[in-house]
Amino acid sequence: MNFLWAFLVGGALCAAGQLLIDLTPLTPARILTGYVVAGVVLSAVGLYGPLADFAGAGASVPLLGFGHLLAQGVQKAVAEQGLPGIFTGGLTAAAGGITASLVFGILAALIGRSKDQN
């Protein structure tokens, strides 16, 4: 049952993003940024945590989950270090994912060949 809820919630989040791409003049970059900011805001008001607990990877893997992770990292760092935690908490919490994306991006660039789009 956990897999079903993860699939349904994650699919709904992705479908909403696809609808925004198809039906609005927003660029994909703005939609992706908006998803991260929405994850931060929803986490700050306490709405995203229960969803992430309920749906598991269906809610924690999409970009909303990245925003939630950043917000949780900042909250934890502020509780431990005070105001300087605002600057370090988000990156500390997301360091593993950020590093993995950089490493795999470099590997893809080394393996693949870029071509002119025209």
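Reader: Which residues form the largest nonpolar core of this predicted model?

Author: A nonpolar core is a set of buried Ala, Val, Leu, Ile, Met, Phe, Trp, Tyr and Cys residues joined through side-chain atoms within 4.5 Å, where buried means under 20% relative accessible area, exposed over 50% and partly exposed in between, with a 1.4 Å probe and protein chains only. The model is predicted, so that local features need pLDDT of at least 70 and side-chain atom pairs count only at pLDDT 80 or more, whereas totals for chains, interfaces and linings use all residues. Residues are numbered from 1 along each chain as its sequence is written, and side-chain values use heavy atoms, with hydrogens and water left out. On these terms the largest nonpolar core has nine residues, namely Val9, Leu13, Ile31, Tyr35, Tyr48, Ala52, Ala55, Ala59 and Leu64.

Reader: Which helix gives the most to this core?

Author: Helices are DSSP runs of H or I with at least four residues, strands are runs of E with at least two, and both are numbered from the N terminus. At least two residues of the core come from each of α1 (2–23), α2 (28–44) and α3 (48–55). The helix that gives the most, with three residues, is α3.

Reader: Which residues does Tyr35 contact beyond its neighbours within four places in sequence?

Author: Tyr35 is itself one of the nine residues of the largest core, and contact here means heavy atoms within 4.5 Å. With the neighbours within four places set aside, the residues in contact with Tyr35 are Leu13, Ala16, Gly17, Leu20, Leu63 and Leu64.

Reader: Is His68 buried or exposed?

Author: His68 has its place in helix α5, which covers residues 63–81. Not counting residues up to four places away in sequence, His68 touches Gly39, Val40, Ser43, Tyr48, Gly49 and Ala52. Because its relative accessibility is 14%, His68 counts as buried.

Reader: Why is the pair of Trp5 and Phe54 classed as tilted?

Author: The structure holds one aromatic pair, where rings of Phe, Tyr and Trp (its six-membered ring) pair if their centres lie within 6.5 Å, and planes under 30 degrees apart count as stacked, over 60 as edge-to-face and the rest as tilted. The ring centres of Trp5 and Phe54 are 5.0 Å apart and the planes stand at 50 degrees, so the pair is tilted. Trp5 in helix α1 and Phe54 in helix α3 are 49 residues apart, and the pair thus links distant parts of the chain. Trp5 is partly exposed at 33% relative accessibility, and Phe54 is also partly exposed, at 45%.

Reader: How far apart in space are the C-alpha atoms of Ala38 and Gly65?

Author: Ala38 is found in helix α2 and is partly exposed, with a relative accessible area of 28%. Ala38 and Gly65 are 27 residues apart in sequence, and from C-alpha to C-alpha their separation is 9.5 Å.

Reader: What separation do the C-alpha atoms of Gly10 and Val78 have?

Author: Gly10 lies in helix α1 and counts as buried, at 10% relative accessibility. Gly10 and Val78 are 68 residues apart along the chain, and their C-alpha atoms are separated by 30 Å.

Reader: What pattern does the protein follow along its sequence?

Author: The protein has 118 residues, of which 25% count as buried, and its C-alpha trace spans about 50 × 35 × 30 Å along the principal axes. There are six helices and zero strands, and the pattern read along the sequence is α-α-α-α-α-α.
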